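Keep the viewer open while you read.

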Amino acid sequence: MPLPEGFLEELKQRSDITEIASTYINLKRRGRNMVGLCPFHGEKTPSFNIYTENGSFYCFGCGVGGDVITFIMKAENLDYIDAVKFLAQRAGMNMPEDSYDDSMSQLRKRIFEANREAARFYFKTLCSPAGAEGLAYLRGRALSDSTIRRFGLGFADSERHSLCNHLKSLGFKNTEIVAANLAYQNSYGISDRFNNRVMFPIIDLRGNVIAFGGRIMTDEKPKYLNTSDTPVFKKSSNLFSLNNAKDSGEKSLILCEGYMDVIAVNQAGFKNAVATLGTALTPEQALLMKRYADEVIICYDSDEAGQKATARAISLLRNAGVLVRVITIPEGKDPDEFLRNRGESGHDAFKNVIEGSGNDVDYRISKLKNSYDLEQTDSRVAFLNEVVKILATLDNSIEQDIYISKISKEMSVTPDALRQQIKKISQRNRYERRRTEFREIQKNLNGRNDKVNTDRFSKPRVTSAEEALISYLVKNPDKLNFILSQVDADKFQSEFNRKLFLYFSERIKNGCDPLASVSGDFTQEETAKIFRLANSHTTKFATEETVMEYITVLNDEFVKLKTKDIANASMDDINEQLRRLRNSHS
């Protein structure tokens with residue numbers, strides 16, 4: 001059963017979307033609405049809008065939208081019921097008892113419980129004779145017992161059913177164990193996903209074990225095996241050890257490549273280290289780091305793969321709006337090896353590396369210097385052309401001016417020459433960025449990318465009229481009878497819009513707020529579409545006469561559609577079409 005209407009309405013009244021969104025992003029007032037940089041994708045021009053009149057939001061850049069429940073679902077990676085529980089707890093409200101379908105919420109709860117028991121099982125195995133090999137490996141990596149306990153490290157033995165049998169003895173069903181990706185299904189039943197690996201629990205910001213990474217101790221591939229995405233885990237939106245880093249008291253994060261690097265850096269006294277989860281850094285992870293830090297210090301390996309990953313991370317983090325610094329580990333070592341080689345002096349040595357690191361601009365310019373023979377004129381010109389491309393990406397004019405002064409002295413060129421080139425490139429970059437953002441917004445608006453309403457791009461006239469009519473109905477539910485007297489759902493040529501018209505009509509007939517349950521009754525993509533639609537056409541509908549223009553479009557287009565089939569129609573069908581045509585213009 002759905003949640004009670006009264007409960008949802010009160011929940012939204014107590015959960016001001018502007019107040020809640022402000023804890024994730026900075027907002028500025030624009031007329032009656034609030035705008036800011038979208039928390040769900042990187043952008044430089046604000047396209048995230050909050051509509052204070054109905055407590056909803058929509059981003060014209062990435063097409064995400066909904067109400068305050070949808071916002072929490074996206075921001076906290078929760079399903080619908082868990083997002084409602086999150087807001088209810090915040091508002092001091094009790095959830096209704098046994099009046100809603102919380103099957104997904106219950107599955108998520110069971111996955112959390114299974115993961116917690118799995119973490120305990122792996123840790124217990126590590127501390128037993130069966131885990132001797134794993135414990136020896138971790139101690140060989142210079143990890144102390146207290147570090148092993150603090151990170152909850154464990155060991156998956158070589159047996160194929162150890163964890164499955166343990167979880168089943170605790171009452172977990174096969175479907176729950178598979179849903180947690182702790183096992184895989186085969187013709188004989190289920191088998192453990194992880195075998196003969198050192199285990200790294202991945203813990204979210206609420207202290208839940210949401211996934212695992214497992215490292216093989218031989219040269220077999222893959223070296224690391226990670227939990228696939230599950231109902232409680234999305235690897236592109238989480239970070240290893242962020243739960244520790246957020247409580248470190250630091251305003252910076254140290255971004256490492258792998259789990260062992262994070263643990264080694266943490267053991268050396270730097271609690272603000274994090275890592276991605278078996279994938280390259282994603283825009284979602286960059287935005288997540290921005291929530292908890294003003295600065296990110298990239299600490300990747302110095303090999304070719306690490307340098308490529310660093311270049312990608314710089315771009316994503318800059319786009320997310322955080323300051324970026326880059327650590328270069330001496331002797332080409334990774335952080336784990338560097339710290340192990342220095343033993344008790346590791347903390348001071350790593351602190352010196354951090355303090356001696358430059359920002360991402362210094363790093364990129366330094367790499368360029370190593371790529372050119374600066375004694376040759378052609379190479380000097382090529383070097384300077386690449387440098388101005390870097391400086392043209394800087395938004396801070398003071399920062400830009402400092403580098404112009406520094407480079408002009410080093411390379412014996414005038415500051416004005418550099419400024420002129422930077423100005424040209426900056427203008428071109430701004431133009432390209434705005435054109436790209438404009439294209440994306442246009443695609444979202446004209447329906448070319450519309451995966452929810454696939455009829456919108458091919459039938460723009462009638463679908464626009466349908467959407468305008470639905471928007472009017474949502475804002476003016478008292479006009480339902482008038483609209484129904486002029487048009488019915490059969491006239492809607494878009495299947496999705498017909499579905500919406502029937503949905504809102506039924507809710508209004510039953511005395512319900514049209515939008516109150518949208519986020520629970522539709523997918524996130526559909527919800528975004530509905531709230532964009534509901535917040536459009538805000539000034540066009542002052543009279544019923546204006547609405548009639550859109551109803552006329554629906555009736556006319558319906559007749560046109562039917563007359564296309566006239567060649568194959570019976571005489572009775574033809575007479576009916578003629579009757580409709582006469583009536584539509586009478």
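Start at isoleucine 254: leaving out neighbours within four places in sequence, its contacts (heavy atoms within 4.5 Å) are Val265, Phe270, Asn272, Ala273, Val274, Ile297, Cys299, Phe350 and Ile354. This is a predicted model, so local features need pLDDT of at least 70 and side-chain atom pairs count only at pLDDT 80 or more, while totals for chains, interfaces and linings use all residues. Residues are numbered from 1 along each chain as its sequence is written, and side-chain values use heavy atoms, with hydrogens and water left out.

Ile254 also turns up among the residues with the most contacts inside the largest nonpolar core, together with Tyr122, Leu182, Phe212, Phe240 and Phe350. That core has 63 residues. A nonpolar core here is a set of buried Ala, Val, Leu, Ile, Met, Phe, Trp, Tyr and Cys residues joined through side-chain atoms within 4.5 Å. Buried means under 20% relative accessible area, exposed over 50%, and partly exposed in between (1.4 Å probe, protein chains only). Helix 5 (residues 103–126) supplies the largest share of the core, eight residues. Helices (H or I, at least four residues) and strands (E, at least two) are DSSP runs, numbered from the N terminus. Apart from this core lies another one of 33 residues, including Phe48, Ile50, Ile69 and Ala88.

An open sheet of five strands runs in the order 13-12-14-15-16, with mixed pairing; two strands pair if DSSP finds at least two bridges between them. Strand 13 (273–275) and strand 16 (358–359) are the edges, each with a single partner strand, so one side of each has no neighbour in the sheet. Strand 12 (residues 252–256) pairs with strand 13 in the parallel sense over three bridges, and Cys256 stands opposite Ala275 in strand 13. Elsewhere, strand 7 (residues 183–186) and strand 8 (residues 189–192) run antiparallel, joined by four bridges. These two strands form a hairpin with two residues between them, and Asn186 has Gly189 in strand 8 as its bridge partner.

On to the rings. The count comes to 21 aromatic pairs; rings of Phe, Tyr and Trp (its six-membered ring) pair if their centres lie within 6.5 Å, and planes under 30 degrees apart count as stacked, over 60 as edge-to-face and the rest as tilted. Tyr58 and Phe60 make an edge-to-face pair, 4.9 Å centre to centre with 75° between the planes. Tyr58 is buried at 4%, whereas Phe60 is partly exposed at 23%. Ring pairs also link Tyr24, Phe40, Phe48, Phe57 and Phe71 into a cluster.

| Lysine | Ring | Distance from ring centre |
|---|---|---|
| Lys74 | Phe40 | 5.7 Å |
| Lys491 | Phe558 | 5.5 Å |

Key. A charge sits over a ring if NZ of Lys or CZ of Arg is within 6 Å of the ring centre and within 35 degrees of the ring normal.
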